[in-house]
Amino acid sequence: GALPFSRDDFEATVRRAGLGVEASLRAFALGYESADQAPAQPAPIDLARPVPAVPERAASPKAQALLDTIKRDFPACAQPMLAVGVRRQIEFQDLAYATEYLRRMKAIRDLDAAHGGEARQWALTCAAARYVATAMAYDDVIRVADLKTRGARFDRVRQEVGARADQLVYTTEFMHPRLEEICGTLPAGLGRWLEGSKVFGGFVERRLGRGRRMQSGTLGGFLMLYTLAGMRRFRRSTLRHQAEAAGLEQWLDLIARLAPRDYALAVETVNCRRLVKGYSDTHVRGGGKYRQLIAAAEQLAGRPDAADTLRSLRETALANEKCGPMERQLAEKLAA
């Protein structure tokens, strides 16, 4: 009764689709019956996020040096996320990459100390600790392959499907790499050349345009993903990494220019990075919105309501798949 459709309306829609009708109707009937048996008041969902703990000791002397730097040079409120960020950079690339992360974070801490600091509860540093980490450890083809070949993932899948110890579980992965992602895994020069090639682009579209399915539990499927994951040693030379590094520097430069003028706007500009996530089409959609918001931050700079406006635009972007509502809201704000 919550929706203005009857059960017959739903079933008629399934029949009109004409694909797997009987199986879909049986599944719908089971779901409908289960919903009838559900309690009137669902169990509450705990949405609280536990604060990560700062470890006492690291796994190696070099990692311990990074942990000591966090405890010595950064405010206590930022230390838990910084520890997680360092761990993620090591997992994504290596210790040198984690050192680079802390170098960037020290520059932001100094910026924060000069224009906000403790009086603003180190809001800029705390926000940047999270989003600089995710910006540096982006989801490329190499990382996705790494995540899909980890033993912990296979164990989690077995647990989720309730497999017994004597049962084999094969996971079918849907892979839909875009031309940009394929070129992004190549050395920068070669990647740019192929990205501009109509012949290569047409070949990729014909072969992979609809995506492919592969079983990561088979020897061939696993080795293909494992080989891709092993390419992380070459990641710094890839086209994707150069593009991500350039985008990161532009973002950090904007934050450094905004903080002296409008501390709150700089914090909201950091938080805009939340839109960039996932890979393939998800990454493209979020990245497009993010770039529009970054451009909006520069346009809004100097206005008394700049931070509130950018926050509102980000919430609109997160709530809508399309860019239209956010663009209309921005046009209205700028015209006001």
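Which side chains does a polar contact of 2.8 Å join? The side chains are those of Glu 244 and Arg 240, a polar contact being a pair of N or O atoms within 3.5 Å, where within protein one must be able to donate a hydrogen and the other to accept it. The model is predicted, with local features needing pLDDT of at least 70 and side-chain atom pairs counting only at pLDDT 80 or more, while totals for chains, interfaces and linings use all residues. Residues are numbered from 1 along each chain as its sequence is written, and side-chain values use heavy atoms, without hydrogens and water.

**Glu 244**
- Glu 244 belongs to helix 13 (residues 239-258), helices being DSSP runs (H or I) of at least four residues and strands (E) of at least two, numbered from the N terminus.
- With a relative accessible area of 13%, Glu 244 is buried (under 20%; exposed is over 50%, partly exposed in between, with a 1.4 Å probe and protein chains only).
- Beyond its neighbours within four places in sequence, Glu 244 is in contact (heavy atoms within 4.5 Å) with Ala 135, Tyr 138, Arg 273 and His 283.

**Thr 171**
- The loop between helix 8 (151-161) and strand 1 (172-175) contains Thr 171.
- Thr 171 is buried, its relative accessible area being 14%.
- Not counting residues up to four places away in sequence, Thr 171 touches Arg 153, Val 157, Met 214, Gln 215, Ser 216 and Gly 217.
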